[in-house]
Amino acid sequence: MTATPHAADGPADAAVRAMPDLDTVDRAGRTPDDAQPFAELGLKDDEYARIREILGRRPTTAELAMYSVMWSEHCSYKSSKVHLRRFGDLPKSDALLVGMGENAGVVDVGEGYAVTFKVESHNHPSYVEPYQGAATGVGGIVRDILTMGARPIAVMDSLRFGAADAPDTARVLPGVVAGVGGYGNCLGLPNIGGELLFDETYAGNPLVNALCVGVLRHEELQLAKAEGVGNKVVLFGARTGGDGIGGVSVLASETFDAEGPAKRPAVQVGDPFTEKLLIEACLEIFAAGLVTGIQDLGGAGISCATSELAAAGSGGMAIDLDAVPLRDSTLTPAEILMSESQERMCAIVEPGKVDEFLAVCAKWDVLATVIGEVTDGDRLTIDWHGERIVDVPPRTVALEGPRYDRPMARPADLDALQADAPPSSSADLRADWLAVVSSPDGADKSWVTEQYDRYVRGNTVLAQPEDAGVLRIDESSNLGIALSLDGNARYARLDPYTGAQLNLAEAYRNVAVSGAKPLAVTNCLNFGSPENPEVMWQFAEAVRGLADGCRELGLPVTGGNVSLYNQTGDVAINPTPVIGVLGVHADVTRRVPTGWRADGESVLLLGE
Amino acid sequence: MPQVVVDVVLKPEISDPQGQAVLGALGRLGHSGVRSVRQGKHFVLEVDGDPDEAELREIAETLLANPVIEDVELHLPTD
Amino acid sequence: MPQVVVDVVLKPEISDPQGQAVLGALGRLGHSGVRSVRQGKHFVLEVDGDPDEAELREIAETLLANPVIEDVELHLPTD
Amino acid sequence: MRIGVITFPGSLDDVDAARAVRLAGAEPVSLWHGDHDLKDVDAVVLPGGFSYGDYLRAGAIAARSPLMADVVAAARQGLPVLGICNGFQVLCEAGLLPGALTRNSHLHFRNRDQGLLVERADTAWTTSFTQGQRIVVPVKNGEGRYVAAPADLDRLEGDGRVVVRYVSTTPGSGVDGNPNGSSRDIAGVTSADGRVVGLMPHPEHAVEDLTGPSTDGLGFFTSVLTAMVAA
Ligand SMILES: Nc1ncnc2c1ncn2[C@@H]1O[C@H](COP(=O)(O)OP(=O)(O)O)[C@@H](O)[C@H]1O
């Protein structure tokens, strides 16, 4: 699988002679039969064939890296997209300013304000390195919200671990909680709620879902697209290092011999301080009208940001990879493209505004570099040491990835599970009741929630242990919002359709009983392997249930995230759709807290 | 009592925001001759009797450091 | 480039809960030979040209350590 | 009355401190760490947060910022200065207040509603209270454990420089009043002249019924107005 060393028979550029292995577009055209490690990168035979067909040649090493990451399940939603369409088919809501497809949905909450919110998973990294995995999960979702033009104003977290007394839970849980707190606290975002639940199916595969909510004025909305030929592409924030590119190391070993670059860590280390500066710099940049488009860098780093920006715009884009500030000078071009170094953003800036943009960044000590520009035409090109290493139609990378309608099968054990009857004798009932009240799921959560700052920004009206978090967003009018994040996986295991609806109903009720009017839904769908038909069935049923539930309640789904392959060996986690509901309070001073307030109050039971 | 020192340092490829922040502060304070700063942890262990190198190495690598992101340097008493 | 190492340790009279926590964990893991653990910080500085001892000492004592609670050890390159 | 609120890179509770100043009836003036400009304010608040990410040591890098040189000089001339949480850490690092703040004894960040006993009601920032008054304000920190050498602690106590001490909000409940292992339950201290005060708890988060556990925190901000009128 290693490439045969080619003589430097191409361009006589000194840099290329110094790197005889550099795989250029030119070389790819001349060496169509070079074997490429596409399978190791997770691409199927037919996917690789399609890339060759799109390009009319074999991809370069850098292009192969880009396609493989962007066409991964994580970035392309290839197994889930056919089902997620149901959310797009929901009736339009007047409150929805921006729907699914952008970094996060945006909802009108009145008085000229809009709110954007989204929940995202960081499950696998949190198992490998609990603190950093959870911390960078918070960092990632906060950048999604920032990208919409909003000031992030709060976070929530929904957590699942293996049995509470399992030894590995003692390793993973404290690290995850400290990471969620460490990052959110340092950013100055109050944590206003979440979940903490235990089940054996999460041993070896904890779930860390983080939600962020932000607020903006309608006119401050930003979109992720590259428009305007000649506009500059500016990369800003942290330097690019070898983080989170473990998967692409096959390419490194292909390009370098035995003692090549150090093995790249699959773990990313968060730097919340840099992110805080990034937030303040971005908000100042937005207020001064200095960008025409902006995108955060998350999974797949520069590959993702450039191809998505270009794909959403009307032109092409040319990037000079040498301009990217590096933390590690030994990175290969493919690694620079793939790096998941945290705390970076990419903006499209008119040439006349670049100086002002850079000055704001300098004020906040944020590194900012022009790395390319918007071009006419419809290609994304990337150069390295004067050589073209990427020349692709950006839509094929970012939007036109593979889609699968995978086989589905109702789980064979479902009938037996559903037939499990409720207790009939009083002794059974007593035992079940004791099991429920002694479950760690019902235990006091203050060990966790005390590690989160709930007060920062001074607008937290309700937070833990309330059912919904409530925030004031305008001090003069007392306009506010309520949020709840819920996901009972046991219901979903028994019946994913109804289970998803019960989760939605719970989040909806939590928001409603705080006194708010529910407006919109976000979700994070955590499931096992989509290649298992029973899991795929659970997924499809949960999506159908959630979509039908939203239709019934008249709520739009504004966005979300899918996390698949959550399993240990062959055993999938319980299907875990985590649902977030956002509501609006015309006057937060009229919020209703949970619990009795005074002696002598009447107790009423509502509902059936 | 014999003292064993364990220094835990971030692997070179892992970013070190703390070291970066110190470097920035040094620059602002006019110490321009410092080119890079990396911050790690320094443990001083007092042990009973003869230090057992294998055991100490295990302690250093599994408890004091997180091998996913950190390297350790073990310094046994040299006398 | 010359490397200078600065170790920062808590003064003996200041209690060290991090070291205590490590010691507790060692005990639970059966490493009973360790009698005490103190945790400090370890800085590796790369400097331009010849390290200036006076300047580095000032950096160590005024920025890297808080003299109210910490002591420093400066290790210049020995070659 | 103009009260400055300093923003360092990583300050978080600066908006809250400004709100508290406003609710107390003064004009908040925002000050930037990198300027040498105190903008003629009558008092200064150093807010909470994670200046420079709390990297190195909490408050250490911020204490060496340009504006802090001006704050130190002005404080030595009697300018009232209040440091809250990270601001307290900065004041200790800058040498305006004695002692140091270190990692909590339980090693966790802790946020809770905290009982405090006011021991000095005659500093620039505490005249709205009475000596011996118990108040409740939020505490939230990871490096809030106040430490100093025992002899220094004795001297501080002897000079009456402990302003507030941690107490249980539910006396007799067995809930530890001390949230972080601070020496002698010290939550806040003052300079010898009573003009500079630092405390770990957050009075700016207890200024409105809607968002705080009490409105006890407002007293710190109204105190300094009285002190300035008297001056
Ligand atoms: N479960 C879901 N429900 C609705 N929308 C979803 C869901 N999962 C993903 N999406 C939407 O698909 C798009 C791509 O998601 P994602 O890759 O997470 O965005 P990003 O590019 O910010 O990482 C987003 O608009 C997201 O809101």
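In the predicted model, D:R57 forms a salt bridge with C:E70, with the closest N and O atoms 3.9 Å apart. A salt bridge here is a side-chain nitrogen of Lys or Arg within 4 Å of a carboxyl oxygen of Asp or Glu. One such bridge is found across the interface of chain D and chain C. Six residue pairs are in polar contact between chain D and chain C, both residues at pLDDT 80 or more. A polar contact is a pair of N or O atoms within 3.5 Å; within protein, one must be able to donate a hydrogen and the other to accept it, and residues adjacent in sequence count only if both atoms are side-chain atoms.

On the side of chain D that touches chain C, β5 (100–102) and β8 (145–147) each supply at least two residues. Strands are DSSP runs of E of at least two residues and helices are runs of H or I of at least four, numbered from the N terminus. This side of chain D divides into seven nonpolar, four polar and five charged residues. Chain D gives 16 residues to the contact and chain C gives 16, contact meaning heavy atoms within 4.5 Å. Chain D and chain C bury about 1,200 Å² between them, 63% of it on carbon and sulfur atoms. Buried area is the accessible area (1.4 Å probe) that two parts lose on being put together, summed over both.

This is a predicted model, in which local features need pLDDT of at least 70, side-chain atom pairs count only at pLDDT 80 or more, and totals for chains, interfaces and linings use all residues. Residues are numbered from 1 along each chain as its sequence is written, chains are lettered from A and ligands numbered from 1 in the order in which they are written, and side-chain values use heavy atoms, with hydrogens and water left out.

The largest nonpolar core holds 150 residues, of which A:F236 and A:F357 touch the most other members. Such a core is a set of buried Ala, Val, Leu, Ile, Met, Phe, Trp, Tyr and Cys residues joined through side-chain atoms within 4.5 Å. Buried means under 20% relative accessible area (1.4 Å probe, protein chains only). Helix α11 (residues 272–287) of chain A gives the most to this core, with nine residues.

A:C282 is found in helix α11 of chain A. A:C282 is buried, with a relative accessible area of 0%. Beyond four places in sequence, A:C282 contacts A:L146, A:F236, A:I294 and A:M345.

Key: Buried means under 20% relative accessible area, exposed over 50%, partly exposed in between (1.4 Å probe, protein chains only). Ala, Val, Leu, Ile, Met, Phe, Trp, Tyr, Cys and Pro count as nonpolar, Asp, Glu, Lys and Arg as charged, and the others, Gly among them, as polar.
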